[in-house]
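Open the model in your viewer and keep the sequence panel beside it. The stops below each begin with something to select.

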Amino acid sequence: MIKTKDQRMAAARPLPLNQILAGDCIAVMNALPEASMDLIFADPPYNLQLRGDLHRPDNSKVDAVDDHWDQFSSFASYDAFTRDWLAAARRLLKPNGAIWVVGSYHNIFRVGAEIQNQGFWIMNDVIWRKSNPMPNFRGKRLTNAHETLIWAAKSESSKYTFNYEALKSLNEGTQMRSDWVIPICNGGERLKDAAGDKAHPTQKPEALLHRVIIGTTNPGDVVLDPFFGTGTTGAVAKMLGRDFIGIEREGAYRTVAERRISRIRRLDADALATTRAKRSEPRIPFGQVIERGMLRPGEELYSMNNRHKAKVRADGSLIGNDVKGSIHQVGAALEGAPSCNGWTYWHYRREGRMIPIDILRQQIRAEMEGEVSRPN
Ligand SMILES: C[S@@+](CC[C@H](N)C(=O)[O-])C[C@H]1O[C@@H](n2cnc3c(N)ncnc32)[C@H](O)[C@@H]1O
């Protein structure tokens, strides 16, 4: 096959893997070799078009996204920007590569149209339903409780990566759907600056990236994020054994992202392996416990009688004594029993105490049952 000039240069020039590149993402992407990325995850400016300050009922000001990087003079200038960065991104994708773009009603329809104009092939749009959205303080509109992700292959003929079984396993044996209930990033995961304020206004939850990366890449793939912010994509990619390249214009965000990623440990092969190819209360797949960081891949679980142990894997399955499968399957196999309730059988250790993993499921249920947390 005859190679283009860019492809010949790509072969000659090493990629800046696991680095955060400074500068405008369009210029930086145009300087990277063609057809070199397996996946692009993009969380571009939303172009929120805020009109004045927003206050809560107690008159405190809402910490809205009013940063200069989110401001465009008109829809036309936002569209021109979208056109340019998407074209730069598409050039970088391998023929079988794919892109994810996340956005809100302010921008996602404009971005979606341009994705189709440029020849990408949309596979799904995913609704990220926030289990703890910010209320609508004025009571003049619906609570804005979701964002939309578009997943598209480079072209209609792309043989894109889709780890169906791993996603099914993450969802405890049930086919993964296109509506994802995940909380916004808060608590210990939310990065703070020296003054204790949010380091970035739109830090995405790691759970969202966990699902994207497990589902649409393989270990060793290269994931590019041209709007890197605090480096959520890089942090999850590194943990899951993928390589990343981040691009971010703001020095302060790069510093935060570098510190964050330097503290992440890459998982070992056992924990990275994913599955190839279960009420009246809301069903919580064990995978959600992993996605939310309540337990980490690689962590060990212990049977209630302490006779058996198993290791948690990134897709929410377990491996113990060479037996792989769901929390229920591995428990049943190790006990030689026809069935087992993994939620009550398996325990994790904290400060010398054995705690049933069912506690974590109950925490998630409590959160889903109507808790509307404070705006982040
Ligand atoms: C919506 S935020 C991404 C947040 C990120 N997903 C996270 O979890 O932290 C968009 C980021 O893109 C950066 N940005 C905006 N325009 C850019 C450009 N033209 N080139 C590079 N970075 C840009 C902003 O500084 C901001 O940090």
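Is R177 buried or exposed? With a relative accessible area of 57%, R177 is exposed; the term means over 50%, while buried means under 20% and partly exposed lies in between, with a 1.4 Å probe and protein chains only.

Before going on, note that this is a predicted model, in which local features need pLDDT of at least 70, side-chain atom pairs count only at pLDDT 80 or more, and totals for chains, interfaces and linings use all residues. Residues are numbered from 1 along each chain as its sequence is written, and side-chain values use heavy atoms, with hydrogens and water left out.

**Whole chain**

Show everything as a cartoon. The protein has 13 helices and 14 strands; these are DSSP runs numbered from the N terminus, with helices being H or I of at least four residues and strands E of at least two. Of the 376 residues, 52% are buried. The accessible surface is about 17,900 Å², and 49% of that belongs to carbon and sulfur atoms; areas come from the Shrake-Rupley method with a 1.4 Å probe, and for residues only the protein chains shown count as cover.

**Salt bridges**

Side chains of opposite charge can pair when their charged atoms come close. The rule used here asks for a side-chain nitrogen of Lys or Arg within 4 Å of a carboxyl oxygen of Asp or Glu, and the count comes to 16 salt bridges.

D179 is partly exposed, with a relative accessible area of 37%.

Next select D38 and K94, which form a salt bridge at 3.0 Å, N to O. D38 lies in strand β2 and K94 in strand β3 (residues 93-103), so this pair ties together parts that are 56 residues apart in sequence. D38 is buried at 17% relative accessible area, whereas K94 is partly exposed at 30%.

Then pick D24 and R249, whose side chains meet at 4.0 Å, N to O, in another salt bridge. D24 sits in the loop between β1 (19-22) and α2 (25-30), and R249 in the loop between β8 and α8, 225 residues away in the chain. D24 is partly exposed at 31% relative accessible area, and R249 is partly exposed at 46%.

**Aromatic rings**

Y164 lies in helix α5 (residues 164-170).

Now display rings. A pair of aromatic rings is described by the distance of the centres and the angle of the planes. Rings of Phe, Tyr and Trp (its six-membered ring) pair if their centres lie within 6.5 Å; planes under 30 degrees apart count as stacked, over 60 as edge-to-face and the rest as tilted. A search of the whole structure finds 13 aromatic pairs. F162 and Y164 have ring centres 6.3 Å apart and planes at 65°, so they are edge-to-face. F162 is partly exposed, at 38% relative accessible area, and Y164 is partly exposed at 33%.

F228 and F244 make a stacked pair, 5.7 Å centre to centre with 15° between the planes. F228 is in the loop between β7 and α7, and F244 is in strand β8, 16 residues apart. F228 counts as buried at 3% relative accessibility, and F244 counts as buried at 3%.

**Helix α7**

Colour residues 232-239. How many of the eight residues of α7 are buried? Eight of the eight are. What covers these buried residues includes β2 (37-42), α6 (206-216) and α8 (251-262). Just after α7, G241 takes a positive phi of about 75°.

**Q288**

Finish on Q288, in helix α10 (residues 286-291). Q288 is buried, with a relative accessible area of 10%. Leaving aside neighbours within four places in sequence, Q288 is in contact (heavy atoms within 4.5 Å) with L170, V181, R211 and I364.
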